[in-house]
Amino acid sequence: MKSEKSEFDLHRFLPFLMHHASEKVSLGFRDIYRDRYRMTRSEWRVLATLGQYGALTATEIVTHTGLHKTKVSRAVFSIEQRRWLRRVQNENDRRIHRLELTSQGQSAFQSLCEAGVAYDKKVRDFLGDADFKRLSDLLTKLNDL
């Protein structure tokens with residue numbers, strides 16, 4: 001029951017709105033990477049991070065993605081099983097491996113980037129250029145909070 005004195009409205013509460021909008025937008029793109037490559041969200045984020053930044057350690061991927069280390073570990077294992085990435089051992093510290101996409105991984109990444117650009121355009125067309133830019137700018141600003 002809503003309190004008459006409270007100005008709180010769950011459906012206008014920014015974290016609630018952002019979560020639901022994020023899920024809605026994310027699920028639309030999930031259908032693409034899931035249906036095309038049978039990938040999980042974590043696998044897509046790891047693949048995209050390696051495609052964007054090049055060879056990284058698992059710890060660096062955690063930093064870039066915000067994913068928990070166990071999710072990164074599982075995603076790396078799965079992507080490696082597809083032969084989309086390889087581990088390169090550090091010559092100075094054999095405990096450290098840099099992870100890099102293979103040519104097959106790069107190809108999958110490029111294909112998904114093209115799909116991502118098309119999906120981004122779909123959202124931009126829905127919102128309009130001005131609102132899309134304003135939303136992108138505001139979300140970038142909030143990420144710096």
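H1 and H5 pack at an angle of about 145°, with their axes 11 Å apart, where axes are lines fitted to C-alpha atoms, for helices over the stretch in contact, and angles run from 0 to 180 degrees between N-to-C directions. The model is predicted, so that local features need pLDDT of at least 70 and side-chain atom pairs pLDDT 80 or more, while totals for chains, interfaces and linings use all residues. Residues are numbered from 1 along each chain as its sequence is written, and side-chain values use heavy atoms, without hydrogens and water.

**Exercise 1.** Describe the contact of H1 with H5 by residue and class.

*Solution.* Begin with H1, which contributes Lys24, Val25, Gly28, Phe29, Ile32, Tyr33, Arg36 and Tyr37; contact means heavy atoms within 4.5 Å. Continue with H5, which contributes Ala108, Ser111, Leu112, Ala115, Gly116 and Tyr119. Finally, sort the residues into nine nonpolar, three polar and two charged.

**Exercise 2.** Determine how H5 is oriented against H6.

*Solution.* First, take the packing angle of about 115°, at an axis separation of 6 Å. This angle makes H5 roughly perpendicular to H6, a class that covers 65 to 115 degrees. Then list the residues that meet: Asp120, Val123, Arg124 and Leu127 from H5, and Asp129, Asp131, Phe132 and Leu135 from H6. By class, this contact has four nonpolar, no polar and four charged residues.

**Exercise 3.** Locate the residues closest to the centre of the largest pocket and classify its lining.

*Solution.* Of the 37 lining residues, those closest to the centre are Ser22, Val25, Ser26, Asp120 and Leu139; lining residues have an atom within 4 Å of a point on a 1 Å grid, and a pocket is an open set of points where a 1.4 Å probe fits, with protein on both sides within 12 Å along at least five of seven lines. The lining divides into 22 nonpolar, ten polar and five charged residues.

Key
Nonpolar A, V, L, I, M, F, W, Y, C, P; charged D, E, K, R; others polar. Helix = DSSP H or I, 4+ residues; strand = E, 2+ residues; numbered from the N terminus. Parallel < 35°, antiparallel > 145°, perpendicular 65-115°, else oblique.
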